[in-house]
Amino acid sequence: MMDTQNPKANKLGNEAIYKKAREERRELLTPSHKYIFDILAERLSLTPSQVEEFVLDSPSLAAFDHFFGAGGCKTISFVYQECEVPGIECGRTYPGQATGEKVPRLFLADLAKTCLTGVCCYFMRTRVDVPVTPEKIHEEVCFSMIDATDGLLKGIRDAYAFLLPVLETQESWGALDQSRHGEKIKKNFLDNYKHFLSSLDDLQVRNDGVVHLSTVSDVDFSKLTCVDEMKAAAANTAMLQRLEEILGQWCKEIEEVLTMDDQLRKIDYEGPLSELEYWKKKYLQFTSIVNHTKSKECKAIVMVLHIQRSKMIKVWHELDNRITDRVNEAKDYLKFLSMLEKVLHALYNSDPDSLIKSVHSLIGVVELVHRVPLFRNTNEKIPALFIKVTNQLVTACRAHITDQGKSFIWDQDAECLIRKMQDCITLFQEYQSCFQKTRRQVSGNPGKNSFEASERQIFGMFENFCKRLEKIEQIITVFKTFESLRKSKIEGIESFARQFQNVSLSLTRKQYDMLDPKKTEFETDFIKFMAEISLIEENSNALSSPEGKKVVKMYNKTATILVEFECLQYQTWIEDVTKLENILNHTLLEHQPNTNKFFVNFDPKINEVIREAKCLSNMGLEVPKQALALLNLERKLHDDHLRLKTILEEYESICNSICEDFSSLLASKKKK
């Protein structure tokens with residue numbers, strides 16, 4: 001009989017019992033268990049025997065029975081991460097490791113109760129109505145894993161991201177290939193999958209965006225819980241100085257966040273959902289600061305400094321008010337965007353025909369919310385929202401034309417391509433028309449908020465895109481016209497056919513995306529292509545005599561030089577204009593030493609750039625944003641220039657009207 005009074009004997013007896021139970025569990029292992037062990041070993045860089053020993057640490061293998069049995073669980077999960085060394089109940093010892101110490105271990109996991117910081121491996125059954133057998137396990141069980149060592153969000157994102165290129169290149173979709181709406185269903189599925197991955201990225205960014213102010217470890221806040229303790233701390237010079245240092249550091253960190261927020265946002269070409277995510281992140285960022293100001297530690301410090309009437313309190317309250325304003329601004333605009341969220345999502349899943357309805361719905365909701373003053377400061381943000389809507393519409397049109405990136409434009413049937421491009425142009429016209437109509441209606445209601453927004457800013461990218469499509473259609477028309485050259489039997493026509501083939505291949509083999517309105521190379525290539533086509537057409541006429549050939553040769557050479565000169569001049573103009581960032585930053589008035597008079601410092605380059613930008617825009621060429629900015633300000637610049645000239649004329653008239661007797665007395669005032 002075991003000595004119940006001897007703890008050491010009891011421990012040895014328990015160890016024997018647990019070890020025996022472990023060996024009994026080992027006897028229950030089947031080839032199906034071994035199959036799972038082999039996969040785990042391969043993916044975790046362990047040996048099958050190591051995996052087996054880890055699994056046997058569990059007091060029961062019931063999870064396997066439930067997973068393998070008919071009607072059982074659909075998944076079984078394992079986690080490999082640092083955790084405490086198990087006790088003697090596991091049936092074995094960990095040499096050199098004390099109970100409770102953390103070591104890397106693999107264990108059967110209930111994911112609902114496990115904080116994942118390592119790697120999660122899970123197996124999933126394709127069906128549960130029949131048992132899993134060793135003969136069929138490789139067909140009926142799938143494996144996947146999530147590596148959360150760098151964070152759970154990143155682990156989930158990486159686990160699913162590798163499937164996207166596989167899905168996008170998948171050729172066979174089973175019954176969907178025969179379905180009438182199969183293509184649309186596949187597109188919606190892929191769009192939702194991409195949105196899911198994007199949401200994980202956004203969650204990670206927003207999580208990283210939380211502001212963490214400096215932590216305090218050298219102050220015992222448990223001794224700052226009542227007014228008397230706070231008064232005592234305020235009377236302690238060393239404590240007061242330390243608390244001022246802490247609050248000063250927090251003020252500096254908050255000021256840095258505010259300064260970053262005040263900076264102009266970078267121009268991007270993302271869709272409207274990015275606007276929603278931007279304001280969510282901004283709200284989260286400033287809310288985290290507000291939460292810090294409401295913490296017990298922060299309140300205690302502020303109260304002590306308030307008792308002592310520290311100068312830091314005024315600075316703190318000013319920052320607190322600014323942070324509160326940012327939180328309220330973000331909160332209001334998020335409410336506004338949340339009313340549009342469903343419509344904004346629709347812009348990511350539709351073809352041009354369906355997008356027309358979505359655009360009408362979007363503008364209608366914006367107009368309704370704008371008409372009813374429920375939210376503050378939304379009017380100034382509406383243009384930015386519509387610019388991103390335009391970005392997404394252009395992206396959707398490009399996807400529509402290229403069949404979601406699967407078809408190169410020059411490989412498509414000409415009539416089908418033209419039809420798809422016309423769908424996109426119709427979408428632009430409907431979008432612009434609906435916006436202008438709504439704007440007129442809002443402007444016609446006196447007393448209501450005006451619907452202020454620059455149409456050039458909102459529609460500029462889409463308009464340039466449509467101009468690009470019209471030029472591509474011209475190229476297609478040229479291709480169709482010259483298609484007859486290949487079939488013609490006329491003597492000597494082969495040379496013209498070869499010339500056309502060389503010109504067309506030079507264009508169609510360009511490596512950049514011609515549907516990207518930001519790619520200005522197309523404008524130069526288009527001009528060059530049309531000029532070369534004109535030369536081919538002229539050469540194919542009556543200039544075939546010896547004298548004519550000499551003229552043609554000279555003409556071709558001259559035309560080529562002129563085309564190159566035009567392209568060079570156009571590129572040089574773009575480069576010069578892009579350097580005019582500070583053209584409006586000069587002083588308004590300059591003093592002329594010779595005449596001792598002032599003159600308006602209006603750079604004549606401004607009018608020159610505006611005239612040139614108008615001409616190039618009418619020709620359908622791309623105009624840099626710096627020139628577009630001057631175009632938008634043309635009326636205002638002209639009015640301001642005229643107003644300044646009038647002011648100077650009045651100033652000179654007043655100066656001349658002062659009699660000589662008073663002139664010396666007023667000399668100092670005139671100089672000012």
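1. Two strands count as paired if DSSP finds at least two bridges between them. In this predicted model, strand 3 (residues 119–125) and strand 4 run antiparallel and are joined by seven bridges. Within that pairing, cysteine 121 has methionine 145 of strand 4 as its bridge partner.

2. The sheet to which these strands belong is open and consists of four strands in the order 2-1-3-4, with antiparallel pairing. Its edges are strand 2 (102–108) and strand 4 (141–147), each of which pairs on one side only. From one strand to the next, the twist averages 15°.

3. Helix 2 (residues 31–44) lies across strand 1 (75–84), strand 2, strand 3 and strand 4, and its direction makes an angle of about 145° with strand 3. Helix 6 (residues 152–161), for its part, lies across strand 3 and strand 4, running at about 140° to strand 4.

4. Helix 2 also packs against another helix, for its axis and that of helix 3 (residues 48–56) come within 8 Å and cross at roughly 115°. On the side of helix 2 the contact is made by Lys34, Phe37, Asp38, Leu40 and Ala41, and on the side of helix 3 by Pro48, Val51, Glu52 and Val55. Sorted by class, the contact of helix 2 with helix 3 comprises six nonpolar and three charged residues, with no polar ones.

5. A further helix pair is formed by helix 10 (residues 237–262) and helix 12 (residues 296–307), whose axes come within 10 Å and cross at roughly 120°; helix 10 is therefore oblique to helix 12. This crossing of helix 10 and helix 12 is left-handed. Leu240, Leu243, Glu244, Ile246, Leu247 and Trp250 of helix 10 meet Cys298, Ile301, Val302, Val304 and Leu305 of helix 12. The contact of helix 10 with helix 12 has 10 nonpolar residues and one charged residue, and no polar residues.

6. As to charged pairs, the structure holds 32 salt bridges. One of them links lysine 280 with glutamate 277, where the closest N and O atoms are 3.8 Å apart. Lysine 280 and glutamate 277 are separated by about one helical turn, because they stand three residues apart in helix 11 (residues 273–293).

Note on methods
Residues are numbered from 1 along each chain as its sequence is written. This is a predicted model: local features need pLDDT of at least 70, side-chain atom pairs count only at pLDDT 80 or more; totals for chains, interfaces and linings use all residues. Side-chain values use heavy atoms; hydrogens and water are left out. Axes are lines fitted to C-alpha atoms, for helices over the stretch in contact, and angles run from 0 to 180 degrees between N-to-C directions. Helices (H or I, at least four residues) and strands (E, at least two) are DSSP runs, numbered from the N terminus. Angles under 35 degrees count as roughly parallel, over 145 as roughly antiparallel, 65 to 115 as roughly perpendicular and the rest as oblique. A crossing is left-handed if the near helix is turned anticlockwise from the far one by less than a right angle, and right-handed if clockwise. Contact means heavy atoms within 4.5 Å. Ala, Val, Leu, Ile, Met, Phe, Trp, Tyr, Cys and Pro count as nonpolar, Asp, Glu, Lys and Arg as charged, and the others, Gly among them, as polar. A salt bridge is a side-chain nitrogen of Lys or Arg within 4 Å of a carboxyl oxygen of Asp or Glu.
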